[in-house]
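Work through the exercises below with the model open. Try each task before reading its solution.

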Amino acid sequence: MIPIDDSPLTRDGKVLILAYDHGLEHGPVDFEDVPESANPEHVFDVATHDAVTSLAVQKGIAEAYYPSYEDDVNLLAKLNGTSNLWRGEPDSAVNWSVDYAHEIGADSIGFTVYGGSNNEIEMVEEWREAQEKAREYGMATVMWSYPRGQGLRNANTPGSIAYSARLGLELGADVAKVKYPGSQEAMEETVRVAGKTKVVMSGGSKRSDEEFLSNVKSVIDAGGAGLAVGRNIFQRENPERILDALEKVIFEESTVEEALDAAEAAAPEAE
Ligand code: FBP
């Protein structure tokens, strides 16, 4: 890894990636509750919030929409990804090159590695190529590090999640994006074994404001750098409100209650 505190991916050393590759990974079902979230322009508008340090998208969305937002949004190129229609052993197609991502204006790259998959060897070799090319351009590297595959019975145990964060350090990721391991204590261990690689939490499925912000708070208190989140933002009717609260928790070290009070004062929830 390299120091990235001067990178557009971070603000005060912290990270809040808005992930929007769900149309590929999960399909349009993720946009059903808030239909306007299917429109990338809506999510690019959300990403102009000060709390968002980067927007992670696939190539087609970047090509079609980023030119209108390049002054207001930092682009993280999610280089690989696979649809939910795929039923094989976990794998992820490389959909664009680092050269092309750089040409479009990305300042960081994201790459999924499924440690434990029968495809781990190929995925790590593809990561190596992308990571070294990103270094030539000075682009920050984020590993979506998910233990997943036939041979893994317990992919989401604290031990597997700590191992996935460590893979990020071993393989040269500046940021490792991991699932929440279930407790602050487990997150502390995950952060500890990741060394100089920053650890961020993967958002997961949508939950209440309190539950979601409490998870984020425990990541920050455990020494984590922040989060990479999609559904808990764009599946909300008022994404700005939760971003206001996240800004407080991640960048101002507020409590969950303080963050929710401040967000409520700025944008009262409709009765
Ligand atoms: P969420 O916050 O919605 O979980 O998004 C984070 C993310 O990693 C996305 O980039 C990706 O599309 C999705 O989760 C993949 O989730 P999973 O592989 O667990 O279904």
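The exercises cover helix packing, then the ligand site.

This is a predicted model, where local features need pLDDT of at least 70, side-chain atom pairs count only at pLDDT 80 or more, and totals for chains, interfaces and linings use all residues. Residues are numbered from 1 along each chain as its sequence is written, and side-chain values use heavy atoms, with hydrogens and water left out.

**Exercise 1.** Describe how α8 and α10 pack.

Step 1. Find the helices. Helix α8 spans residues 209–221 and helix α10 spans residues 239–251. Helices are DSSP runs (H or I, at least four residues), numbered from the N terminus.

Step 2. Take the geometry. The two axes come within 10 Å and cross at roughly 25°. Axes are lines fitted to C-alpha atoms over the stretch in contact, and angles run from 0 to 180 degrees between N-to-C directions.

Step 3. Classify. α8 and α10 are therefore roughly parallel to each other. Angles under 35 degrees count as roughly parallel, over 145 as roughly antiparallel, 65 to 115 as roughly perpendicular and the rest as oblique.

Step 4. List the contact (heavy atoms within 4.5 Å). From α8 come Asp209, Phe212, Leu213, Val216, Lys217 and Ile220; they meet Arg241, Ile242, Ala245, Leu246, Val249 and Ile250 of α10. By class, that contact has nine nonpolar, no polar and three charged residues.

**Exercise 2.** Which residues of α6 meet α7, and at what angle do the helices pack?

Step 1. Helix α6 (residues 158–170) packs on helix α7 (residues 184–193) at about 25°, with axes 8 Å apart. α6 and α7 are therefore roughly parallel to each other.

Step 2. Pro158, Ile161, Ala162, Ala165, Arg166 and Leu169 of α6 meet Ala186, Thr190 and Val193 of α7. The classes are seven nonpolar, one polar and one charged.

**Exercise 3.** Are α10 and α11 parallel or oblique?

Step 1. α10 and helix α11 (residues 256–266) pack at about 140°, with their axes 8 Å apart. They are therefore oblique to each other.

Step 2. Arg241, Asp244, Ala245, Lys248 and Val249 in α10 meet Ala259, Ala262, Ala263, Glu264 and Ala266 in α11. This contact divides into six nonpolar, no polar and four charged residues.

**Exercise 4.** Which residues come nearest to the ligand?

Step 1. There are 16 residues around the ligand (a heavy atom within 4 Å). Asp21, His26, Lys177, Lys179 and Arg231 come nearest.

Step 2. Check the ligand's oxygen atoms. One is 2.6 Å from an N or O atom in the side chain of Lys179. For the side chain of Trp144, the distance from a ligand oxygen to an N or O atom is 3.0 Å. A polar backbone atom of Gly204 is 2.8 Å from a ligand oxygen.

Note on methods. Helix = DSSP H or I, 4+ residues; strand = E, 2+ residues; numbered from the N terminus. Nonpolar A, V, L, I, M, F, W, Y, C, P; charged D, E, K, R; others polar. Polar contact = N/O pair within 3.5 Å; in protein donor to acceptor, adjacent residues only side chain to side chain.
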